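Dear colleague,

I am passing on the structure we talked about, and below it I have written out what I found when I went through it. Please look at it with the notes beside you.

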Amino acid sequence: MTSNTSRTLADALTTGTVVLDGGMSNQLESAGHDLSDELWSARLLTERPEAIVEAHLGYFEAGADVAITSSYQATFEGFAKRGIPRERAAELLVLSVELAREAAQRAHAKGVTRPLWVAASVGPYGAMLADGSEYRGQYGLSVAELERFHRPRLEVLAAAAPDVLALETVPDTDEAQALLRAVRGLGVPAWLSYSVAGDRTRAGQPLEEAFALAADADEVIAVGVNCCAPEDVDGAVETAARVTGKPVVVYPNSGEAWDAQARAWSGRSSFTAEQVTGWETGGARLIGGCCRVGPGAIAGIAESLRS
């Protein structure tokens, strides 16, 4: 943990609510960085690592307690498409954790006194495809094949000693099963977070069934939803808390919609910091934002939760 105490994130969730950061991509884009290729923000691991540190730092200074690393779209296969060999790809995965640690150290040096944690992002298989299929799931691969895809990356990220592995934007129960298998024995806790539409996963499975997969997984310290509409959060929080008995993690999008073909956002933001009090009452203990949710919104969330 990036603080001068030995308190773990799991410990913190037993006594209160922890603030997550917001979208990494919108922070980088607002700073003028072009993320329009298949590696998305992971491209800056090779080209502008300092920009990633600055993005994390902005969220820590806004009030976030947890930084989610820039490894969502960082995979051995994705890097290989860009001619990056496996050994270098592993170094970049480790670097994603180190950059978040560096940001936390800078935040402490600038006067932030609360504990700060690092969550290593593990995006779904579809994120590597970069064609929007992470919002559909059911790729035609078996659970075993998906486990083989995820395990090597998880092993590298776990060896970098993040505080938690963020198994995020999971679109279906097959991939959830694969990820839950893949984190066994790594020695790092994890949260499992689905991308949902209404009361179902993006692939259409009932959330009760989806959350139940994690109920008995000792490695999982929180379960919930991310990269969804804010309006879908309330029901998901209730279901996740009831089915698993675990702390709930929620970090929705701003409410705008992603057009995978145009690679652009459309619609209007419907995310407000005031919604978080209801989520907390329902059992959410890790609360932040995903796409298009910036430091201003995270500051509002932090203020709501700490007032």
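Is Arg151 buried, partly exposed or exposed? With a relative accessible area of 24%, Arg151 is partly exposed, and please keep in mind that this and everything else here comes from a predicted model. Arg151 forms a salt bridge with Glu155, in which the closest N and O atoms are 2.8 Å apart, and Glu155 is itself partly exposed at 40%. The two residues are four apart in helix H8, which means that about one helical turn separates them.

Lys110 and Glu61 meet through their side chains at 2.9 Å, N to O; because Lys110 sits in the loop between helix H6 and strand S3 while Glu61 belongs to helix H4, the pair ties together parts 49 residues apart in sequence. Lys110 is exposed, at 55%, whereas Glu61 is partly exposed, at 44%.

Arg101 and Asp163 also form a salt bridge, at 3.1 Å from N to O, and since Arg101 lies in helix H6 and Asp163 in the loop between helix H8 and strand S4, this pair ties together parts 62 residues apart in sequence. Here Arg101 is buried, at 15%, and Asp163 is buried too, at 13%. Elsewhere, Glu50, Glu102 and Arg106 are linked in a network of salt bridges.

Finally, helix H9 is mostly covered, with seven of its 10 residues buried, among them Leu179 and Leu180.

Best wishes

Notes: Residues are numbered from 1 along each chain as its sequence is written. This is a predicted model: local features need pLDDT of at least 70, side-chain atom pairs count only at pLDDT 80 or more; totals for chains, interfaces and linings use all residues. Side-chain values use heavy atoms; hydrogens and water are left out. Buried means under 20% relative accessible area, exposed over 50%, partly exposed in between (1.4 Å probe, protein chains only). A salt bridge is a side-chain nitrogen of Lys or Arg within 4 Å of a carboxyl oxygen of Asp or Glu.
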